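Visitor: I would like to learn how to read a structure that is new to me, one feature at a time. Could you guide me through it?

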Amino acid sequence: MKRLLVTGAAGGLGRVMRARMARFAEIIRVSDIADLGVAAAHEELVTCDLGNSEAVMALVDGCDGILHLGGISVEDKFSKILNANLLGLYNLYEAARAHGMPRILFASSNHTVGFYRQDEHIDATAPMRPDGLYGVSKCFGEALARMYFEKFGQETALVRIGSCMERPLNHRMLSTWMSHDDFEAMIDCIFRAPMLGCPVLWGISNNDSRWWDNSHAAYLGWKPRDNAEKFRAELEATVGRPPASSPLALYQGGMFTKDPIFSEK
Ligand code: NAI
Ligand code: 15L
């Protein structure tokens with residue numbers, strides 16, 4: 001592809017993926033509201049608040065694909081979630097509609113289903129059970145993307161990322177972890193697929209103790225290779241198992257199920 005837009009490029013996942021995206025397109029347009037550092041030869045840097053419709057319209061112009069990682073990524077004040085994750089997503093989809101409907105990978109979250117118990121195994125047809133306002137914002141994002149698909153044919157992969165980081169940090173993440181390599185391979189499959197549609201994908205590695213079933217998305221050819229199990233012994237020796245009554249051991253969303261609704265004050 002000619003130009004790939006990466007939003008949230010100054011964030012934890014964005015910084016890792018920004019460095020890996022060079023092979024995906026001739027030009028990588030990297031964007032964030034935060035400082036993006038210095039542009040590499042193949043990069044265009046655009047500082048942009050997702051809540052600013054005119055700025056987002058210009059941001060998307062000329063892009064053939066969008067890796068949408070930008071937004072509020074944990075529980076927060078509703079006003080912040082509203083601007084980045086609701087208004088921001090609407091702005092992104094309106095801009096995509098105006099600019100030839102580039103394929104989108106939307107970084108959704110496991111917190112759309114955080115209130116399922118850890119002894120429940122679910123697939124993409126399970127009703128949403130968000131565990132906070134952040135999770136609700138991702139449910140909104142998925143519904144918005146689905147509407148743009150049904151109404152206009154805009155393709156999006158709705159990737160419910162589990163925990164995408166260097167290594168799992170606790171016992172729960174033995175189930176939810178996705179390695180950076182597996183995410184990069186997923187991005188490749190999503191942007192190369194002849195036909196994408198608007199599937200929900202679970203963003204997890206091939207973990208022995210996974211709760212989520214991706215078999216409906218086999219047509220994309222994504223085969224995660226890593227497995228959090230290799231970290232189990234070390235994690236149990238260092239962090240240990242949480243008490244059986246802890247949200248970390250009970251719910252798929254872990255501690256997010258216990259977050260308060262943050263006050264605006
Ligand atoms: P992060 O919080 O480190 O990065 C998000 C980036 O979005 C930040 O650089 C921030 O400045 C930017 N941002 C926030 N508000 C903005 C606005 N109004 N306009 C423009 N940019 C704005 O989050 P992380 O971990 O890198 O996650 C990336 C995406 O993946 C997020 O959408 C998050 O919800 C999603 N995700 C990540 C998971 C993970 O394990 N890292 C798990 C599930 C979902
Ligand atoms: C998320 O949605 C968050 O963005 C990330 O920071 C992790 O906490 C992850 O979920 C998780 O559930 O581990």
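Predicted model: local features only at pLDDT ≥ 70, side-chain atom pairs only at ≥ 80, totals over all residues.

Visitor: In what order do the strands of the open sheet lie, and is their pairing parallel or antiparallel?

Guide: In general, the strands of a sheet are paired by backbone hydrogen bonds, in either a parallel or an antiparallel way. Here the open sheet has seven strands in the order β3-β2-β1-β4-β5-β7-β10, and the pairing is parallel. At the edges are β3 (43-47) and β10 (200-203), each of which pairs on one side only. On average, and with direction ignored, neighbouring strands of this sheet are turned by 20 degrees against each other.

Visitor: How many bridges join β7 to β10?

Guide: Strand β7, residues 156-161, runs parallel to β10 and is joined to it by four bridges. For isoleucine 161, the bridge partner in β10 is glycine 203. Helix α6 (residues 180-192) packs on the sheet, where it touches β4 (65-68), β5, β7 and β10, and its direction makes about 140 degrees with that of β5.

Visitor: At what angle do the axes of α2 and α3 cross?

Guide: The general idea is that two packed helices are described by the distance between their axes and the angle between those axes. In this model, the axes of α2 (residues 53-60) and α3 come within 8 Å and cross at roughly 45 degrees. The two helices α2 and α3 are therefore oblique to each other, and their crossing is right-handed.

Visitor: Which residues of α2 meet residues of α3?

Guide: From α2, the residues Ser53, Val56, Met57, Leu59 and Val60 meet Asn91, Leu92, Ala95, Ala96 and Ala98 of α3. Sorted by class, this contact of α2 with α3 has eight nonpolar, two polar and no charged residues.

Visitor: How many residues surround ligand 1, and which are the closest?

Guide: Ligand 1 is surrounded by 26 residues, and the closest are Gly11, Leu13, Ser73, Ala107 and Ile161. The elements that give two or more residues to this shell are α1 (12-20), α3 (78-98), β5 (103-109) and β8 (163-164). By class, the shell around ligand 1 divides into twelve nonpolar, twelve polar and two charged residues.

Visitor: And which residues are around ligand 2?

Guide: Around ligand 2 are Ser73, Val74, Ser109, Asn110, His111, Ser163 and Thr176. This shell around ligand 2 divides into one nonpolar, six polar and no charged residues.

Note on methods
Residues numbered from 1 in each chain as written. Chains lettered and ligands numbered in written order. Near = placed C-beta within 6 Å. Nonpolar A, V, L, I, M, F, W, Y, C, P; charged D, E, K, R; others polar. Axes fitted to C-alpha atoms, helices over the stretch in contact; angles between N-to-C directions. Parallel < 35°, antiparallel > 145°, perpendicular 65-115°, else oblique. Left-handed = near helix turned anticlockwise from the far one by under 90°. Contact = placed C-beta atoms within 7 Å. Pairing = 2+ DSSP bridges.
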